[in-house]
Structure formats: C-alpha cells, structure tokens
Amino acid sequence: MPNRLIYESSPYLLQHAHNPVDWYPWGEEAFAKARSENKPIFLSVGYATCHWCHVMEQESFEDPEIARLLNTHFVPIKVDREELPDVDQVYMAALQAMTGSGGWPMNMFLLPDLRPFFGGTYWPPEPRHGLPSFRQVLLGVHQAWLNQKKEVLENAEQLTAFLQAQLKPRPGALPEGLHGEALASLLRAADPVYGGLGGAPKFPQAPALSYLLALAWLGRQPAKEHLRLTLRRMAEGGIYDQVGGGFHRYAVDAFWRVPHFEKMLYDNAQLARVYAAASLLFEEEADFYRRIAHETLGYALRELRGPLGEFWSAQDADSEGVEGRFYVWRLEEFREALGADAEAGARLFGVSEAGNWEGTNVLERRYPEAALREELGLSEEAYRAWVEGVRQRLYRARAKRTPPLTDDKVLADWNGLMLRALAEAGRWLGEARYLEAARENASFVLGNMLKDELLRHAWRQGQLKPQAYLADQAHYGLGLLALYEATGEVAWLEAARRLAEALLRNFWDPEGGFRDSLDPTLPVQAKDVHDGPYPSGTAAATELLFRLGALYERAEWQRIGLEVLEAHAQALTRSPLGHPGLLQAHLVGTQGSELAIVLPSSLAQEAARWFLPLTTLAFGPPGSLPVLRGRQPGLAYLCRQGACRMPAEDVQALRGELQALYTR
C-alpha cells in the first residue's frame, strides 16, 4: 500500500512511496497533523542519487518496527533537498550548529511549529562504530518529548535564536587588498602536489576555480600555477570519467583517484566552463583543456539532456546495488573489451590485476603519454585516434552493464549553470552545436518554468512545482545573458532583464541583502551567502545586477550590488574560501567593464572568441540598447563605470585598450 509520496513527482520521494512509513510531503497537511496531535515532526532530507540515503531507506524505512515507531510517535516528512533547497539550508544550518558537521541523509526532529531541537545524519539499524541505532534514537527522542518537554522547548528556542543571528548580514569595510588576501587564504588551503583545496575527501570546488580563473587572467601568477596544477590533476584522476567524460561528485582521497561516483549537472556545467576558459588562458596546454571541456559537455548532452532541451539533475553512484559498479573494471573485463590493445590500454589507464580500489580499477590517465606514444610508434595524430578508439570500445562494453539511475527532474538554477556553460563554450570554442543546445534549453525553461514573472524551481514530466528561489532567477539570468553575448540575439538579454526586475521585486530585502526563499513557514528566513558546490543565489544575483546594470545603464542596480557586498563584508574578509562567488561578483562590480560593439563591425566575431571574465559584451545597431546609444557603427567602446577608453576600429586597437584598462 503506497503512502502519500506516490502523488509526488520527485524521483527521490517516489523511491520512498512504498515504505511502510506514513510519509508526508513538506506542507500544511503534515504541519496541521503535528499541531493537532501535539507530536514532534521527524524530517528526513536527502536526494535521489545519495548513496547513504539509499542505505538508510533499505535498512530502516523499510523496517516494519521502525515504521511503527515513526508512525505512532511522530509525523514523518520526506523532503528532496534539490526540490526544496531552502528547507535543506535552514535545517542543515541547525544540524551543523548542533553537531559541528552535516550531510545526507539529514534527519531532524522538529517541534510542531517547525523549530528544530535534535538531529543527525545516518543512523544504522543496530548500534555500531559508536553510533546508536536508529531505533534507540527514536525511542530516546520520544521519551524526551514525554518527560523533558521543558528542555526540548528551551533547546529549540536557543537553536532558532542562534540561527537567526548566524544568517544576518555582517556589514563592514572592504579592504583595498581584498583579493590579494583572499588568494593568499585560498592558497594556504591548497595541495601543492595534487592541486585542489584541502585534503580527503576532496571536492572540485568549481566556484573557487572560476574565481581563480579571473585572478589568473588579471595576472596573478600563484593563481595561474595552482589552477593549472588542479585542472591537470583532476582530469588525469579517477574523479574524471575517462571513458564517458564528465566529473564525478568528489574524490574520497586527496589524489583525485577514487570518486564518490554520482555525477551532478551543476559540477559538470561549471567545470566544462572552467576548462573551456582555461583553453584560452593557457595556450600552451589548450588542446588538453579543450578536450576535457568537449568531453564533459558531450557527456551532459548525451546523458543528462531531455527530449525538450531540458537538462536533468544527476546520475546515481550505485548500480545493481553496488557503488561504482558501472564505472570500475577488473583486468579480465578490460582485456575482453580491448583484445590486442589491452596491454597498452592498461598502461594508459593504470589498470592492473590488483586494482586500485577494492580489487577493481578506477581508470586514471597518469601514464606519460609521450612515452606511450613512442612505445607504440605512432605519430601524434595516429596516437590521438588510437586513444579515442580505445575509449569508444570501453564505452561500448560498459554500456552493456546496468546503468545508474538518472534523476530526471529539471531544476531552473542548475539549468542556468549549464545554459551559461554551453553559451560561453560555444562562442569561445566556435561550436555552433553548443549554441543550438543553449537556445533549445532557454526556449524550454522560459516556456515551461516561468509563471507569474518568476522561474519556478522544479519541473518533471510536465508537472511544475510552485516554489521559486533567488538562485533560479539569478543563475538562469546569467545564463540568458551569456546566450545573448554569444549570439547577439536581444530576446535573451531582455528575458534576463525581466528576471532581474522580478528578482528585485520579490527577493530584495532593503534591511540587508537578498532572501533566498519566499516560504513564510520556515522558522528562520533563508538568507545564506555561503557557496556550496555552486555560487550562492546572492552571489549570482549581485553579478547579474552589475552586468545588466552596465548594459542598461541602471545606476540603481549597480548601487544595490555594492550594498550587498558591503552587507557581507565580514564574510568576504574572514572566510574567502566559503564565498568565492561573492568575491567574483566584487571583481565584476569594481573592476568590470562593458564592451559595446556597434554593428555592423568585423570586431564582434573576433571579440566573442576572447576570454574576458570581467567584461560584459554588447552587440547591436546604434541605439538598440542604452549602452549603444550615441555610438558610431563599426567601432568598439570599452567602458568602466561611465568612463570609456578611445573607440577602437580594429582588433589591434581593441587589444591595446583592454591591455591599458587591465594592466597585467
């Protein structure tokens, strides 16, 4: 007998629709039951491709005795964190405040008024490794609710007050040397051998890589060196799918060798963009970076793109109930797939009888390729063809396995990240197919997910959820702006402008920054500027306002952007590692420029191929945009905050003006 989740569209919630637990989705029906019966709420948050969420579902939520305890003493609510990120954000902050750490599944106990009072992550069905069993936790919380109600209420009150204080902006003065200090802080966390920030587990941290790209373009040599090291080591390691392209979520070690095997749309969108940009910034290694960008976008277009141009959210780490089974190789499987090429292929990908992970091989590509090419006696062109042939044979052999589950819900902010990646890679690399995919995505999202001026967050199989978030408007707005910069098609720019205007009407809080959510039921207002695996909604909104404010000559948008930066000055100075997106927005707001090219002009196509991370492009006939008013056809105008360089009429002159504005 299915529970209420059978009526939901989220793949994660549907995975729990046949549990004996009497699950409710997040909403008033569950809240009213908790109030009327005076029961605490058990809130369980996860997502469809979460390995330990699957484990707990099978061990505990399918257990009849545990289900009886949950149904009798609590009101159980299931939430897909990707569908309701504000719910996840608020209660994850509570969990981290209580325990010092967090993760998924996240299991929280709430008062009927939704204030949290206790929580944790994974609990096993039986006590082990110092963890109590889930049954013990449930019985303990139930007894506390019956016999220690005063302490429970006090704990909820103190925790909620702490969260409200933590989420308030902390204004201050931004130092002149902000970015030098931020870079120094980032590099203190850097691994000088394998790249990346921090140790195991090691995440790509794409927002930090994007920020380092901008600093490297500005001529910061330490940023260049760390970026090159990190991008090379990541793409050589097992975190990168050497057969099918695309990046896994993170590496469990410090060497990028063994990944947590799920693949996320947001990681692959951002990393494809980073590698495409790096191919322009580091010309001597351009082929390498370009290959990784193409393979990553190729993976996304092949395996995460829906039939209407939409992009799905993620692919699971597990298949056949085993994490990584789809991706790893035993030596005999490798030999069977490659035949006579198996010995050389094994050197290329580091395959051995012993393996490098639990008796199997996670493919890496660390073998010196010049040496292997010489061993094979192949020219560079023939060697590349041989490698591609090996990859294709491995791909075809792997395709016969049971594939991991794909979470096919469509999220507006994640699609915005991919839209921006496709648009920018399309113009930087001269790939028309990326631009066409970007146009199709923009047409789908604007046609199916825009309602009452706001993009709604989640869509699946024709069902649009009502929630709308700051991040949806901001990230998709940046994607639309990038599509305009790549094509010159003003309709996309106008759509970005409308999203920015709606964003300000609905999410701007004059008393301090942006609200992330419009949900009035949460015990604290979601207002978080910390970057997760992609930039915060506030960072994206601030960058969008700076860029659009320049093109539309909206001084008030520039002013609001600066107010946001000042409101979060303490966060930027004290924790740059947690706020690279907002630091990037600061660069755009203080050192950014606009390049207005009045058509017809031969400069437009040339400038579109340049990597100019702090410059917003505008193309069009005279007067078609405020930034193009009073301009002479055939000339390019490079301006910053109302002050323009000398108009350029050829590529050499334009490069000279850029060089003068950005002395590097």
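In what follows, Asp, Glu, Lys and Arg count as charged, Ala, Val, Leu, Ile, Met, Phe, Trp, Tyr, Cys and Pro as nonpolar, and the others, Gly among them, as polar. The structure described here is a predicted model.

On this division, the lining of the second largest pocket comprises 16 charged, eight nonpolar and one polar residues. The volume of this second largest pocket is about 730 Å³. Its lining is made up of 25 residues, and those nearest the centre of the pocket are Arg291, Arg365, Glu369, Tyr383 and Arg384. At least two lining residues are supplied by each of helix 10 (221-236), helix 12 (286-303), helix 15 (369-376) and helix 16. The greatest contribution to the lining of the second largest pocket is that of helix 16, at six residues.

Helix 16 (380-398) also takes part in the packing of helix 13, whose buried residues pack against it and against helix 14 (342-349). Helix 13 spans residues 331-338, and its residues Leu331, Phe334, Ala337 and Leu338 are buried. These four lie on the same side of helix 13 because they cover an arc of only 125° around the axis. Gly339 follows helix 13 and has a positive phi, near 60°.

Five cavities of 30 Å³ or more are present in the structure. The largest cavity has a volume of about 250 Å³. It is lined by 19 residues, with Ser210, Arg273, Arg420, Pro535 and Glu543 closest to its centre. Two or more lining residues come from each of helix 9 (206-217), helix 11 (265-281), helix 17 (412-429), helix 19 (470-487), helix 21 (537-552) and helix 24 (580-591). Helix 17 provides the largest share of the lining of the largest cavity, namely four residues. By class, ten residues of this lining are nonpolar, six are polar and three are charged.

For the second largest cavity, the volume is about 100 Å³. There are 14 residues in its lining, and Arg273, Arg420, Glu424, Glu485 and Arg547 lie nearest its centre. Helix 17 and helix 19 each contribute at least two residues to the lining of the second largest cavity. This lining consists of seven nonpolar, six charged and one polar residues.

The model also contains an open sheet of five strands, with mixed pairing and the strand order 1-3-2-4-5. Strand 1 (24-25) and strand 5 (116-120) are at the edges and have a single partner strand each, so one side of each has no neighbour in the sheet. The pairing of strand 1 with strand 3 (residues 75-80) is parallel and involves two bridges. Tyr24 has Ile77 of strand 3 as its bridge partner.

Beyond its neighbours within four places in sequence, Ala48 makes contact with Pro11, Tyr12, Gln15, His54, Asp316, Leu405 and Asp407. The C-alpha atoms of Ala48 and Lys409 are 10.0 Å apart in space, while the two residues are 361 residues apart in sequence.

Methods. Residues are numbered from 1 along each chain as its sequence is written. This is a predicted model: local features need pLDDT of at least 70, side-chain atom pairs count only at pLDDT 80 or more; totals for chains, interfaces and linings use all residues. Side-chain values use heavy atoms; hydrogens and water are left out. Buried means under 20% relative accessible area, exposed over 50%, partly exposed in between (1.4 Å probe, protein chains only). The arc is that of the directions from the helix axis to the C-beta atoms. Contact means heavy atoms within 4.5 Å. On a 1 Å grid over the protein atoms alone, a cavity is a set of points where a 1.4 Å probe fits but cannot get out, and a pocket is an open set with protein on both sides within 12 Å along at least five of seven lines; lining residues have an atom within 4 Å of a point. Grid points are joined across faces, edges and corners, and a volume is the space filled by probe spheres set on the points. Two strands pair if DSSP finds at least two bridges between them.
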